[in-house]
Amino acid sequence: MGNTDRFRAASANCPIVNWMSAMGTSDAIGYRRTFEKPFWDDPEEWMDRSSIFYVGNVTTPTMLMTGEMDLRTPMVQTEEFYQALHYEGVPTVMVRRQGEWHGTSSRPSNFLRTQLYLRKWFEKWGTQRASVTTEDGEDDGQRDGADDGS
């Protein structure tokens, strides 16, 4: 996140946004093997891969969803990014899935609720609009504001 404005809307489900703090709060200590050095020896790579450090570039409306009992991507990761997006004035919402670990399958109602949240979020912010085609048949990048239903 924070590298492009290509998308009209986004949803980050169970995100890790700060790799340094994730190493101290997550059960996935094995992630450390994907880094050259521990962050206390050289934090640069850890910061480069952590979207929290790019939050000032985010303009895309972003929904964040995490299970309150998630040990793999703890709720604090979602809370941290939500607060930063909110501070930056980016349209954002945080969904705390009660009774959930990592995913949405602990309770069938949570799985259904997740699908409904995603649908509503993308209906509100991510409506696909038809392209305007130039005379030579190329997409000129403009949008006409109509939902073509595809």
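**Surface, fold and contacts**

Author: This is a predicted model. The accessible surface of the chain comes to about 9400 Å². Carbon and sulfur atoms account for 50% of that surface.

Reader: How many helices and strands does the chain have, and in what pattern?

Author: The chain's secondary structure comes to four helices and five strands. Read along the sequence, the pattern is β-α-α-β-α-β-α-β-β.

Reader: What percentage of the residues count as buried?

Author: A residue is buried when its relative accessible area is under 20%. The chain has 150 residues. Of these, the share that counts as buried is 34%.

Reader: What share of the contacts with a separation of 6 or more comes from residues 24 or more positions apart?

Author: Take the contacts in the chain with a separation of 6 or more. Residues 24 or more positions apart account for a share of 63%.

**Helix α3**

Reader: What span does α3 reach from its first C-alpha to its last?

Author: α3 has 14 residues. At 1.5 Å a residue, 20 Å is expected. The span in the model is close to that, at 20 Å.

Reader: Which elements do the buried residues of α3 pack against?

Author: M75, Q77, T78, F81, A84 and L85 are buried in α3. The buried residues of this helix pack against α1, β2 and β3.

Reader: How many salt bridges does a search of the whole structure find?

Author: Side chains of opposite charge can pair when their charged atoms come close. The cut-off here is 4 Å between a side-chain nitrogen of Lys or Arg and a carboxyl oxygen of Asp or Glu. A search of the whole structure finds six.

Reader: Which residue forms a salt bridge with D27?

Author: The closest N and O atoms of the pair are 2.8 Å apart. The partner of D27 is R72.

Reader: How many residues apart are D27 and R72?

Author: D27 is in the loop between α1 (19-25) and α2 (44-48). R72 is in the loop between β2 (62-67) and α3 (75-88). The pair links distant parts of the chain, and the separation is 45 residues.

Reader: Which residue meets R49 in a salt bridge?

Author: R49 is partly exposed, at 39% relative accessibility. The N to O distance in its salt bridge is 2.5 Å. The side chain that R49 meets is that of E45.

Reader: Which parts does the salt bridge between E79 and R96 tie together?

Author: The closest N and O atoms of E79 and R96 are 2.5 Å apart. The two residues are 17 residues apart in sequence.

Reader: Which residues are joined with E79 into one network?

Author: E79 is partly exposed at 27%, and R96 is partly exposed at 37%. Salt bridges that share partners join E79 into one network with E68 and R96.

Reader: Is S50 buried or exposed?

Author: S50 is in the loop between α2 and β2. Its relative accessibility is 0%. The cut-off for buried is under 20%, so S50 counts as buried.

Reader: Which backbone nitrogen does the side chain of S50 reach?

Author: Leaving out residues up to four places away in sequence, S50 touches V17, N18 and W19. The side chain of S50 reaches a backbone nitrogen at 2.9 Å, and that nitrogen belongs to W19.

Reader: Which backbone oxygen lies 2.9 Å from the side chain of Y54?

Author: Y54 is also in the loop between α2 and β2. Y54 is partly exposed, at 24% relative accessibility. A polar atom of its side chain lies 2.9 Å from the backbone oxygen of D48.

**A nonpolar patch**

Reader: Which residues make the nonpolar surface patch?

Author: One member, M69, is in the loop between β2 and α3. M69 is partly exposed, at 32% relative accessibility. The patch covers about 300 Å², and its residues are M69, L71 and W101.

Definitions and conventions:
Residues are numbered from 1 along each chain as its sequence is written. This is a predicted model: local features need pLDDT of at least 70, side-chain atom pairs count only at pLDDT 80 or more; totals for chains, interfaces and linings use all residues. Side-chain values use heavy atoms; hydrogens and water are left out. Buried means under 20% relative accessible area, exposed over 50%, partly exposed in between (1.4 Å probe, protein chains only). Contact means heavy atoms within 4.5 Å. Accessible areas come from the Shrake-Rupley method with a 1.4 Å probe; for residues, only the protein chains shown count as cover. A polar contact is a pair of N or O atoms within 3.5 Å; within protein, one must be able to donate a hydrogen and the other to accept it, and residues adjacent in sequence count only if both atoms are side-chain atoms. Patches are made of residues with over 30% relative accessible area and no salt bridge: like charges are joined within 9 Å, nonpolar side chains (Val, Leu, Ile, Met, Phe, Trp, Tyr) within 5 Å. The expected span of a helix is 1.5 Å times one less than its number of residues.
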